[in-house]
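Me: I'm new to reading protein models. Could you walk me through this one?

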Amino acid sequence: MKPEIKKSEIKLDSERNIILETGKLAKQSDGSVVVKCGDCMLLATVVSSKHALDVDFLPLTVDYREKFASAGRFPGGFFKREARPSTEEILTMRLVDRVLRPLFPKDYHHETQIMIQLMSHDENVMPDSLAGLAASAAIQLSDIPFEEPISEVRVAQIGGKFYINPSKEQLESSNLDIIIGASNDSVTMVEGEFDEVSEEDMVDAIKFGHEAIKKQINAQLELVKKCGVLQKREYEKELVDKNLQKKVRDFVYDKCCAIAKKGLNKEQRSDSFSEIKDDLVNQFDATELDEKEDEILKYFSAVKKEAVREVVLSEGLRLDGRKFDEIRPIWCEVDYLPSTHGSSIFTRGETQALATVTLGTTREANIIDLPTNQGEESFYLHYNFPPFSTGEARPLRGTSRREVGHGNLAQRALKKVIPNNCPYTVRIVSEILESNGSSSMATVCAGSLALMDAGIQISDTVSGIAMGLITDGKRFAVLSDILGDEDHLGDMDFKVTGTSKGITACQMDIKIKGLSYEILTKALMQARKGRLHILKKIEETIAKPNNNVKNHAPKIIVERIPNEFIGPFIGTGGKAIQELQKETGTTIVINEDPLTEEGIVEILGVSQEGIDKVLVRIEALTFKPKYGETYEVQVIKVLDFGAVVEYTEAPGNEVLLHISEIAWERTENVSDVLKIGDVFDVKYFGIDKKTRKEKVSRKVLIEKPKGYDDKRRNFREKSEKK
């Protein structure tokens with residue numbers, strides 16, 4: 001029986017529509033939808049277990065995958081199938097997860113899995129901007145409890161005009177690339193990169209994107225209506241023991257308020273709150289603890305959060321005693337690690353990042369091989385967050401999604417200031433050694449310092465700051481440079497990076513509904529003040545990039561040679577270039593430029609002498625003497641019919657000096673006139689028409705002997721008589 005298909009449509013502009021379709025695919029899932037835009041098709045499904053797990057969090061998994069078949073391509077590598085997710089896929093998963101997670105019921109502990117798959121790719125459609133819409137639509141078509149539909153859009157600005165979900169080609173001309181996630185009445189997630197734009201432009205982009213999201217939400221509701229409104233499933237809700245809750249609150253609230261007012265550091269606060277918790281637990285006997293300990297501790301955490309927030313709002317006191325806009329003490333250092341190409345330490349309060357810079361050729365570029373994107377990154381950043389940075393001991397299970405996301409944010413923040421003509425592949429690694437609030441922003445600052453230490457001529461210094469918000473709906477406090485505890489207890493985590501000219505990247509997660517644009521603008525302006533303060537601290541350590549790379553760091557020279565010389569330069573089986581690299585201690589990489597039909601030769605080496613030797617070899621290889629010009633040569637071989645000479649300015653370039661061009665007088669024996677090692681000038685006459693070989697002459701630069709023409713005539717007459 002043919003399935004009954006339901007559809008709804010979203011008009012993006014005069015030429016593009018988004019179609020939501022359900023009823024044909026994946027009908028055993030709790031909810032499924034196909035999202036189409038042009039030839040791009042995403043399949044989103046959601047399944048949630050009917051039984052709750054014994055956990056105190058939402059076990060939600062968001063998975064996004066781009067199938068190579070969607071673009072008519074084979075997966076790379078030895079095993080010809082899709083394997084672990086790429087960085088780009090992980091970033092898309094995070095974008096969707098961050099918007100959806102807060103909208104599930106707080107006490108919903110059922111394992112839930114959302115899977116989004118790119119089934120058909122369109123070069124003019126960027127599928128990551130449709131993933132949030134697809135996930136939300138699938139949830140709306142299910143019976144899974146969820147607060148309200150959401151969607152996500154990408155916004156670009158070209159020539160002062162905003163565009164929704166631009167193509168990749170359009171995005172290249174844009175001065176901002178921002179993805180916004182929102183419900184009908186609240187923006188909940190923002191992430192993007194900018195060409196040093198103003199705070200006002202960023203807010204305008206968010207407003208523009210939110211209006212487009214409202215249309216996409218209406219389309220989801222229309223589709224649900226066509227399918228018939230589903231009754232949301234019943235689930236086992238957490239029971240609240242109000243008597244126990246009151247007992248906990250009465251015992252700890254004032255004590256927690258007192259701790260919050262003392263301005264303690266992280267360790268002192270942790271110890272003080274632990275003492276209160278231990279005292280609380282001691283109020284109960286063993287039987288009560290056996291039955292209620294988890295519940296008691298949950299109520300304690302809730303009361304602690306309430307107490308800290310109230311102290312902030314009513315008394316204007318932060319946990320560590322700072323003012324709302326005050327930045328923690330900062331110290332910086334560069335050139336800390338003697339063997340790296342660049343290094344720095346950035347410490348702000350109890351957060352510390354150690355950054356290193358490594359320089360290489362295009363051979364070290366980060367290869368991107370996806371159905372939707374193929375290319376290379378010549379600048380990339382990796383972020384590591386070991387457990388000791390927070391005083392913990394836990395298993396290492398590979399790079400986490402959080403590490404991928406934080407590293408990408410810092411990379412986007414810094415890539416805007418990397419010069420276009422930078423000849424190096426640049427890799428930054430940030431090791432977080434201490435963490436208590438915004439290690440990703442410490443990474444941005446440490447990265448700026450390390451780049452300048454390495455001698456990379458960045459266009460400007462970049463700093464970053466994390467902003468927080470605490471509000472009860474009537475009162476609010478915007479907090480600069482938030483602590484880890486303030487992030488956990490607050491209503492917003494807003495990271496902003498930029499130069500003195502403007503914003504380069506941002507990442508925002510809002511945990512409450514109805515955040516006004518007035519508060520958002522205030523947070524941005526307060527963030528700017530903080531960023532400039534941090535920039536000043538960075539520039540007190542190193543004001544501008546070092547003029548040169550370090551002595552032990554590789555220097556890179558880029559030369560261009562005609563394509564016809566690439567083969568001879570490499571040699572048979574690569575023998576010539578391998579011997580040259582070994583002889584000079586350099587790394588040589590050759591790429592072809594299809595536009596200019598030239599070879600781009602990158603020479604990387606620590607020794608300038610070795611690099612110079614390679615340059616001499618290239619110059620010799622590509623040397624082309626000009627007709628009528630005079631060149632100095634050296635004899636390298638003596639023959640019966642002439643001498644093989646080498647151009648001194650292009651060693652390795654040889655030409656035959658014929659016996660007849662050595663001198664005006666007749667030369668009977670070449671060795672009587674020339675010896676190996678002799679240096680003299682010759683004149684170049686191009687290709688000889690008779691011999692079809694290059695012709696040079698020594699004699700034309702020598703004055704003719706007196707009577708030379710008479711001797712020549714007499715010799716000819718004698719020959720004729722014979």
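Me: Which residues does S70 touch, not counting residues up to four places away in sequence?

Reply: First, a word on the source: this is a predicted model, where local features need pLDDT of at least 70, side-chain atom pairs count only at pLDDT 80 or more, and totals for chains, interfaces and linings use all residues. Residues are numbered from 1 along each chain as its sequence is written, and side-chain values use heavy atoms, with hydrogens and water left out. Contact means heavy atoms within 4.5 Å. By that rule, S70 touches L118, M119, S120, H121 and P371.

Me: Is S70 buried or exposed?

Reply: Buried means under 20% relative accessible area, exposed over 50%, and partly exposed in between (1.4 Å probe, protein chains only). S70 has 8% relative accessibility, so S70 counts as buried.

Me: Where does N408 sit?

Reply: Helices (H or I, at least four residues) and strands (E, at least two) are DSSP runs, numbered from the N terminus. N408 belongs to helix α8, residues 401-415. N408 is buried too, with a relative accessible area of 15%.

Me: In what order do the eight strands of the open sheet come?

Reply: Strands of a sheet pair through backbone hydrogen bonds, either parallel or antiparallel. Two strands count as paired if DSSP finds at least two bridges between them. Here the order is β8-β7-β9-β10-β21-β20-β18-β19, with antiparallel pairing. β8 and β19 stand at the edges with a single partner strand each, so one side of each is left without a neighbour in the sheet.

Me: How many bridges join β18 to β19?

Reply: Five bridges link these antiparallel strands, and M467 stands opposite S480 in β19.
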